[in-house]
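User: Could you walk me through how to read a protein model, one feature at a time?

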Amino acid sequence: MVNLEDRAERWPVAESSYVYEGDWVVSLRADRVRREGAEGEEPFRRLVLEHPGAVIVLAVDDGERVLCLSQYRHAAGRRFVELPAGLLDGPAEEEPLDVAQRELREEALLEAEEWTHLGTTWSSPGISAEVMHLFLARGLSTADRGQFVLEHEEADMETFWAPFAELRTAVLDGRVADGPLVQAVLLAEAKGLVGNGAT
């Protein structure tokens, strides 16, 4: 029987240095790694994009509509349909759910009564240490943003509501391709939490 489960494992690092270490979100580290059990082999170089992790919120109202954002992303040169999301860049004791609740308030001016963890995924584990925590938020009501001020790309962000069925179709036919949004939509539907299979 095949063991279909990821597992924690750490190969020995012979040497490590920073290629880039800045004051904005990420750092780029160069490691010289040894293959486990192959002490005679030369270490090989791997770049690691250090990232604090992120949360993504699929906020669904009583009419099965999803709160979406339209946001410019410079690295991709595109404006994406996205979901409220944010970085785990606060205090170490802050849990992903706390960050999800904060991001929903700050970006969407909403709060939720019900929270369901949809899954945790790694965005691109060949190079990035980013872990994404995906949540479904239900029982929505308006909220205050507090002292948070939208800046840079967020200052240009637009919010809108999309019927879940239409968003799912846009995902499946490739019109909407933001990875976290795709994952959240498909996970929520597969688990029977939103869409035709919702209980």
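Analyst: Happy to; we will go from the overall fold to the cores, a helix and a few backbone angles. Keep in mind that this is a predicted model.

User: Let's start with the fold. How many helices and strands does the chain have?

Analyst: There are three helices and ten strands. In sequence order, the pattern reads β-β-β-β-β-β-β-α-β-β-β-α-α. The C-alpha trace spans about 60 × 50 × 35 Å along its principal axes.

User: What share of the contacts with a separation of 6 or more comes from residues 24 or more positions apart?

Analyst: Such pairs account for 57% of those contacts.

User: And the surface and charges?

Analyst: The accessible surface comes to about 12300 Å², with 50% of it belonging to carbon and sulfur atoms. For charge, count 19 positive and 38 negative side chains; the centres of these two sets lie 6 Å apart.

User: Now the interior. What percentage of the 199 residues is buried?

Analyst: Buried residues make up 37% of the chain. The general idea is that in soluble globular proteins, nonpolar side chains tend to be buried together. Here the largest nonpolar core has 21 residues, and the members that touch the most others are Leu-58, Val-66, Leu-83, Leu-118, Leu-167 and Leu-181. The elements giving two or more residues to this core are β4 (54-59), β5 (65-73), β9 (131-142), α2 (164-172) and α3 (179-190). A second, separate core holds 16 residues, including Val-55, Ala-100, Trp-115 and Phe-135.

User: Which residues does Val-66 contact, leaving aside its neighbours within four places in sequence?

Analyst: Its partners are Leu-58, Ala-59, Val-60, Leu-83, Phe-160, Trp-161, Ala-162, Phe-164 and Leu-167. Two of these names, Leu-58 and Leu-83, were also in the list of core residues that touch the most other members.

User: How should I read a helix that has a buried side?

Analyst: Start from the geometry: an α-helix has 3.6 residues a turn, so residues three or four places apart point the same way. Now take α2, whose buried residues are Phe-164, Leu-167, Ala-170 and Val-171. These cover an arc of only 125° around the axis, so they sit on the same side of α2. On the other side, Ala-165, Glu-166 and Leu-172 are exposed.

User: What covers the buried residues of α2?

Analyst: The cover includes β4, β5, β10 (158-163) and α3. As for α3, one of its residues is Glu-189. Apart from neighbours within four places in sequence, Glu-189 is in contact with Phe-164, Arg-168 and Val-194. Phe-164 is among the buried residues of α2.

User: Which residue with a positive phi follows α2?

Analyst: That is Gly-174, with phi near 85°.

User: Where do Glu-64 and Leu-109 lie, and what are their phi values?

Analyst: Neither is a glycine, yet Glu-64 has a positive phi of about 60°, and Leu-109 has one of about 55°. Glu-64 is in the loop between β4 and β5, while Leu-109 is in the loop between α1 (96-108) and β8 (110-122).

User: Are those two buried, partly exposed or exposed?

Analyst: Buried means under 20% relative accessible area and exposed means over 50%, with partly exposed in between. Glu-64 has 25%, so this residue is partly exposed. Leu-109 has 34%, which means that this one is partly exposed as well.

Technical notes. Residues numbered from 1 in each chain as written. Predicted model: local features only at pLDDT ≥ 70, side-chain atom pairs only at ≥ 80, totals over all residues. Heavy atoms only, no water. Helix = DSSP H or I, 4+ residues; strand = E, 2+ residues; numbered from the N terminus. Buried < 20%, exposed > 50% of the residue type's maximum accessible area, 1.4 Å probe, protein only. Contact = heavy atoms within 4.5 Å. Areas by Shrake-Rupley, 256 points an atom, 1.4 Å probe, with all protein chains shown as cover. Lys, Arg positive; Asp, Glu negative; His and termini not counted. Charge placed at Lys NZ, Arg CZ, Asp CG, Glu CD. Core = buried A, V, L, I, M, F, W, Y, C linked by side-chain atoms within 4.5 Å. Arc of directions from axis to C-beta.
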